[in-house]
Amino acid sequence: MVERQPTPKHLWIVGVLTLLWNLGGAYDYLMTQTKNEAYMAKFTPEQLEYFYGFPMWFEFFWAIAIWGSIVGCVLLLLRRCLAVPVFAASFVSVIVTTIYSYGMSNGMEVMGMTGLIFTVAILVIALFLVLYARAMQKRDVLV
């Protein structure tokens with residue numbers, strides 16, 4: 001049996017900050033899925049048409065990306081090695097949704113440079129979480 005190493009302080013910082021970040025994504029997901037009138041009022045008619053026109057398979061991957069990242073953060077904070085594959089599934093789902101948004105649809109036209117920059121930030125953070133969790137697993141912090 002592998003002996004669990006002490007929890008480094010940075011794990012708590014990374015875990016809590018990324019959980020808060022991902023809860024923001026979950027809020028956006030829920031408001032969009034429920035078509036919350038107050039929340040969606042800030043978008044243009046073209047953006048609303050884009051959001052409400054997502055194919056079902058896209059919404060499936062979007063849900064995996066969002067909820068997987070939240071579950072991954074909780075697993076990280078609980079120091080469970082299952083965080084690694086959960087973050088990996090979330091990251092792959094972010095890649096799939098990004099390919100659709102910017103390669104298979106008019107996401108760039110509708111969301112503009114700000115949307116692209118935000119998407120890149122999401123990709124970078126999702127990749128960071130996979131690599132960070134894997135590093136913590138190799139250091140026997142996650143078991």
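**Entry 1: the cysteines**

I began with Cys81, which is partly exposed, with a relative accessible area of 29%. The model I am reading is a predicted one. I then looked up Cys73 and found this residue buried, with a relative accessible area of 0%. How many disulfides does the structure hold? I recorded 0 disulfides. The sulfur of Cys73 has its closest cysteine sulfur in Cys81, 16 Å away, which is too far for a bond. I noted for the reasoning that a disulfide requires the two sulfur atoms to be within 2.5 Å. Cys81 is accordingly in no disulfide.

**Entry 2: the chain as a whole**

I next looked up the secondary structure of the protein chain and found 6 helices and 0 strands. Read from the N terminus, the order of elements is α-α-α-α-α-α. Along its principal axes, the C-alpha trace spans about 55 × 30 × 25 Å. The chain has 143 residues, and buried residues make up 39% of them. I also looked up the contacts between residues at least 6 apart in sequence: 76% of these join residues at least 24 apart.

**Entry 3: helix 1**

I turned to helix 1, which covers residues 9–33.

I then listed the buried residues of helix 1, among them Leu11, Val14, Gly15, Thr18, Leu19 and Asn22. Further along the helix, Ala26, Tyr29, Met31 and Thr32 are buried as well. For the spacing in such a list I kept a general rule in mind: an α-helix has 3.6 residues a turn, so residues three or four places apart point the same way. What covers the buried residues of helix 1? I found that the cover includes helix 2 (37–40), helix 3, helix 4 and helix 6.

**Entry 4: two residues with positive phi**

I looked up the backbone angle of Lys35, which follows helix 1. Its phi is positive, about 55°, although Lys35 is not a glycine. The residue sits in the loop between helix 1 and helix 2.

Arg79 also has a positive phi, near 60°, and is likewise a residue other than glycine. Where is Arg79 placed? I located Arg79 in the loop between helix 4 and helix 5.

**Entry 5: the largest pocket**

Last, I looked up the largest pocket, which holds about 870 Å³ of space. I counted 33 residues in its lining. Which of them lie nearest its centre? They are Asp28, Trp62, Phe118, Thr119 and Ile122.

I then asked which helices supply the lining. Helix 1, helix 3 (45–52), helix 4 (56–77), helix 5 (83–104) and helix 6 (107–138) each give at least two residues. The largest share, 9 residues, comes from helix 6. Helix 6 is also among the elements that cover the buried residues of helix 1.

Notes. Residues are numbered from 1 along each chain as its sequence is written. This is a predicted model: local features need pLDDT of at least 70, side-chain atom pairs count only at pLDDT 80 or more; totals for chains, interfaces and linings use all residues. Side-chain values use heavy atoms; hydrogens and water are left out. On a 1 Å grid over the protein atoms alone, a cavity is a set of points where a 1.4 Å probe fits but cannot get out, and a pocket is an open set with protein on both sides within 12 Å along at least five of seven lines; lining residues have an atom within 4 Å of a point. Grid points are joined across faces, edges and corners, and a volume is the space filled by probe spheres set on the points. Helices (H or I, at least four residues) and strands (E, at least two) are DSSP runs, numbered from the N terminus. Buried means under 20% relative accessible area, exposed over 50%, partly exposed in between (1.4 Å probe, protein chains only). Contact means heavy atoms within 4.5 Å.
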